Amino acid sequence: MTGLLEVESLTKTFGGVVANDNVTLAVPEGAIVGLIGPNGSGKTTLFNSIVGYHPVDHGSIRFDGAEISALRVPEIARLGLVRTFQQTRIYGQMDCVRNMLISVPHAEEDLWTMFSPYPAETTERAGELLEFVGLYEKRYMRAGELSFGQQKLLEFAMALMNAPRLLLLDEPTAGINPTLINDLIDRLKRANAEIGITLFVIEHNMRVIMDLVEHVYCLAHGELLAGGAPQQVRQDPRVIEAYLGGQ
Amino acid sequence: MTSQLEKTILYAIALAAALAAPWLFPNFATQIAFLWMMVLFALTWDIMGGQMGYNSFGNIFFFGVGAYACAVVQRDSGLDYFTAFAVGMALAAVIGVAAAAILGSGMLGLRGHYFAIATLGLGIAGGEIASGWDYIGAGSGLETPLYPGEIGAREMFFAYLFFVLAVASFIVLTRLYAGRFGLAINAIRDDEDKAEAMGLHTTRYKTVAWCVSAFFLSLAGGAAGNMIGFIDPRDVAFAGVTFGVWMVLMAILGGKGTIWGPVIGAMIFHVTQELFWTYLLGWQRVALGLLIILIVVFFPLGILGWVRERWPELFDDTADEAGAVERRVGEP
């Protein structure tokens, strides 16, 4: 399978713990792909490896055909591969608009742009995206004062502001109330369909997975157990066993 | 919320008072020059320490570099006083900025406490190197040329020179903080890992922040060497225990991470310090220490930080949704 993101035989160990063992998967351009697995199965480690947070032991990671496993975090981000964090990360002491403005893509920046003001379109775009996630009324609030769910939405909006080609979302619906989850699913789908961002989503909520993704991978104990359409993966006996801990 | 007109009037009054001060109190001209130097110290420290969250104890290094660079040009160039001084100041700025760029690209990979400790070494190393280097006078220091004007003119000249330097750094920083640069260093302060994950050129912004700081500090160093008339490697140029510590204290006292905080902090600090010297001689260090403890205990966020917590509306921190005031962000 070829794709925008291709991970091949990726292995990552921490001392004696094998967090990812020979993982191979692909995320095609324009798709929404899910990643599930019990706690501690190595999902976030896989994300961290992809975005260059730590060096990998073996294997290759290709983004748009180019090897990225030796690049550093900001370099990978500037290529258009951006992630959000499980423990939501925003710039707490800055207001929402400023959070958005500083999240513009940085690939084309030189020394001169560092000192130049933002063009009006950027400010407009920030407003649009805040509107898109429903935070426009709170745009001058300090981000640290928003509720956890709102911070998640802000982080999502910041990621969109960055105009990535591929967005890795680490549990986007964790800690968000059930009614807002539907909203968020809708927004994720729209970001994919209207803005054209490919999504790769870690998620525990099976309802979200069923509703959102076309293809899902399941990790357990660092190994890739299964991959396929959500309906199919859900009924895979190995996946059920991994989740329910069958003996 | 003050209107634009009120603000302009307030600025005009403050500016007029500052301009008139050396004329009205010529005996205090040197004190006034030192006051502006303290303002510049606090403002430039706050770029890294307040806005970017990188506590530097080595900024005094650039001050020392500037002092020596300027004095060497004045000693060796053979030009008349003002030309040599101008050339010296220009060279001081260039060397200061270059030093910050080189040191920054190496040291700014360190974070938090590690960076603070490394910078602590920087100031001390500067003093040690300078006191062992014969070309710049080694331990016996370097004398700057005599000011050519009549009696009193020298004090007046430096009072206005430091006023210009302090105001220039204030204006430049206000502009920088309002734009992309300000947002970037604030983002680094709030969550550097996040900033990296978003692709921000963090190292570049951090290095430039230090260069801006070094630019004004080395100019201040060049001017201070001439104002004091004698550059001692440890007590004037690389005076880590006095100037180097004060710049941190003043920014914290006024409220770090704000533009007016360091200005207010520097003024209060300098005035109280002078009063302690005058009225509590022998106990001035004790009084200063007590003041610092009181500040840290009762105003941990600094004076402006405390005001900001109490009256957020004065700072445009409009938290309520209905009253959100339209503000222009990112435009100077």
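What percentage of the 247 residues of chain A count as buried? The answer is 45%, where a residue is called buried if 20 or more other C-beta atoms lie within 10 Å of its own, exposed if 12 or fewer do, and partly exposed in between, with the C-beta atoms placed from the backbone. Before I go on, please keep in mind that this is a predicted model, in which local features need pLDDT of at least 70 and side-chain atom pairs count only at pLDDT 80 or more, while totals for chains, interfaces and linings use all residues. Residues are numbered from 1 along each chain as its sequence is written, and chains are lettered from A and ligands numbered from 1 in the order in which they are written.

Let me begin with chain A as a whole. Along the principal axes, the C-alpha atoms of chain A fill a box of roughly 60 × 40 × 30 Å. If we take the contacts in chain A between residues at least 6 apart in sequence, 68% of them join residues at least 24 apart, a contact being two residues whose C-beta atoms, placed from the backbone, lie within 7 Å.

Now for chain B, which has 14 helices and two strands. Its radius of gyration is 20 Å, close to the 20 Å that the globule rule gives for 332 residues, so chain B is as compact as a globular protein of that length. The C-alpha trace of chain B spans about 65 × 45 × 40 Å along its principal axes, and buried residues make up 48% of its 332 residues. Among the contacts in chain B between residues at least 6 apart in sequence, 75% join residues at least 24 apart.

How do the two chains meet, and how many residues does the contact take from chain A and from chain B? It takes 35 residues from chain A and 30 residues from chain B. On the side of chain A that touches chain B, the elements giving two or more residues are helix H2 (73-79), strand E6 (81-83) and helix H3 (96-101) of chain A, and the largest share, four residues, comes from H2(A). By class, the residues on that side of chain A divide into 17 nonpolar, eight polar and 10 charged, where Ala, Val, Leu, Ile, Met, Phe, Trp, Tyr, Cys and Pro count as nonpolar, Asp, Glu, Lys and Arg as charged, and the others, Gly among them, as polar.

I turn next to helix packing. In chain B, the axes of helix H2 (residues 29-51) and helix H9 (residues 202-228) come within 9 Å and cross at roughly 160°, the axes being lines fitted to C-alpha atoms, for helices over the stretch in contact, and the angles running from 0 to 180 degrees between N-to-C directions. H2(B) and H9(B) are therefore roughly antiparallel to each other, since angles over 145 degrees count as roughly antiparallel, under 35 as roughly parallel, 65 to 115 as roughly perpendicular and the rest as oblique. The contact of H2(B) with H9(B) has 13 nonpolar, two polar and no charged residues.

In chain A, the axes of helix H4 (residues 120-132) and helix H5 (residues 148-161) come within 9 Å and cross at roughly 140°, which makes H4(A) oblique to H5(A). Their contact divides into seven nonpolar residues, no polar and one charged.

Lastly, a word on backbone angles. Most residues other than glycine have a negative phi. A:Ser9, however, has a positive phi near 35°; A:Ser9 lies in strand E1 (residues 5-14) of chain A and counts as exposed, with 12 C-beta neighbours inside 10 Å. A:His221 also has a positive phi, of about 50°, although it is not a glycine, and its place is in the loop between strand E9 (215-220) and strand E10 (223-228) of chain A, where A:His221 is partly exposed, with 14 other C-beta atoms within 10 Å.

Conventions: The radius of gyration is taken over C-alpha atoms; the globule rule is 2.2 Å times the number of residues to the power 0.38.
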